[in-house]
Every structure is written in C-alpha cells, then in structure tokens.
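Open the model in your viewer and keep the selection tool ready. This tour goes stop by stop, from a loop to the sheet, the core and a hairpin.

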Amino acid sequence: VQLQASGGGSVQAGGSLRLSCAASSTMIFVNNMAWYRQAAGKQREVVARVGGAGGTDYANSVKDRFTISRDNVKKMVFLQMETLKPEDTAVYYCNADGVDLRTTQRFNSWGQGTLVTVSS
C-alpha cells in the first residue's frame, strides 16, 4: 500500500495550510493514521495521530493550531495547520498502518513527504 502526500508549500507566519494524504487502494482496512515531520538536522517527530475509532493526540508544539482528520471511505488523512510558525518548517510525512484486504497482509506505509516552509 502506497501513500501519496500533497498540500505543502510556502506561507508566511500566521498563515494556514492543509495537507492531504491518500492511500493507493481503498481495498484496505486502515487502523492508525498519523503525520510526522522532520526539520533540517533534526529527527523525525510525530505531529498528530488519529486512531481507527477517531481518537486523536497531538504534539504539544502544535496543540490548538493543527487538526488531524480522516476519511475512512476514501482512505485519506488530512492535517489542517493554522497559525503557522517558522519553527513548523519541515518535511511532513503521512503514515498509516492496517491490513491489505486483497492479500490479508499487514502494512505500515509512509508517504513521500511534502515540504512546508514558513517564513517570518
């Protein structure tokens, strides 16, 4: 199962962006979905997660500014980012795990990354 992320770009501080991530197949059961980010010279960190039942959690640095959501029919995950700060600049990656219903194989897949640049 492949994931395709989109929606990154350049924005000024205080602006907004919406990231999207779509799975390559809808013939899957998706459990957890998440967004991670990796800034230059830093380790990849989790930004937000949404479980199969819809429960969410966020990194402290993005609470009250970012919102993760999912579309279980289209097998997509979104990240709405508000009040962006320069320190949010990073490559953002989506992640999902579940089962491929065609093969019954479990998967844990990553998107290719989309760059978000926030200027001051």
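Start at K85. K85 sits in the loop between β8 and β9. Helices (H or I, at least four residues) and strands (E, at least two) are DSSP runs, numbered from the N terminus. Now show the neighbours of K85. Leaving out residues up to four places away in sequence, K85 touches R65 and V118; contact means heavy atoms within 4.5 Å. Then pick V47: 38 residues separate K85 and V47 along the chain, and their C-alpha atoms are 14 Å apart.

A note on what you are viewing: this is a predicted model, where local features need pLDDT of at least 70, side-chain atom pairs count only at pLDDT 80 or more, and totals for chains, interfaces and linings use all residues. Residues are numbered from 1 along each chain as its sequence is written, and side-chain values use heavy atoms, with hydrogens and water left out.

**The open sheet**

Select β1, β3, β8 and β7. These four strands form an open sheet in the order β1-β3-β8-β7, with antiparallel pairing. Two strands pair if DSSP finds at least two bridges between them. At the edges are β1 (3–6) and β7 (66–71), each pairing on one side only. From one strand to the next, the twist averages 15 degrees; axes here are lines fitted to C-alpha atoms, for helices over the stretch in contact, and angles run from 0 to 180 degrees between N-to-C directions.

Zoom in on β3 (residues 17–23) and β8 (residues 76–81). They pair over six bridges, in the antiparallel sense. Select A22 and you find its bridge partner M76 in β8. On to β1, which pairs with β3 over four antiparallel bridges. There S6 stands opposite S20 in β3.

Which residues of β1 are on its covered face, and which on its uncovered one? L3 and A5 are on the covered face, Q4 and S6 on the uncovered one. In a regular strand the side chains alternate between the two faces of the sheet.

**The core**

Next, select W35, L79, M81 and Y92. They have the most contacts inside the largest nonpolar core, which has 30 residues. Such a core is a set of buried Ala, Val, Leu, Ile, Met, Phe, Trp, Tyr and Cys residues joined through side-chain atoms within 4.5 Å. Strands that each supply at least two residues of this core include β4 (28–38), β9 (90–100) and β11 (114–119). Stay on M81. Beyond four places in sequence, M81 touches residues including L17, F66, Y92 and V116.

**β4 and its partners**

Select R37. Its bridge partner in β9 is Y92, and R37 stands opposite E45 in β5. In the hairpin of β4 and β5, six residues lie between the strands, and G41 takes a positive phi near 75 degrees.

**Charges over rings**

Last stop: two arginines. R18 lies over the face of F78, at 4.4 Å from the ring centre. R44 lies over the face of Y93, at 3.8 Å from the ring centre. A charge sits over a ring if NZ of Lys or CZ of Arg is within 6 Å of the ring centre and within 35 degrees of the ring normal.

Technical notes:
Buried means under 20% relative accessible area, exposed over 50%, partly exposed in between (1.4 Å probe, protein chains only).
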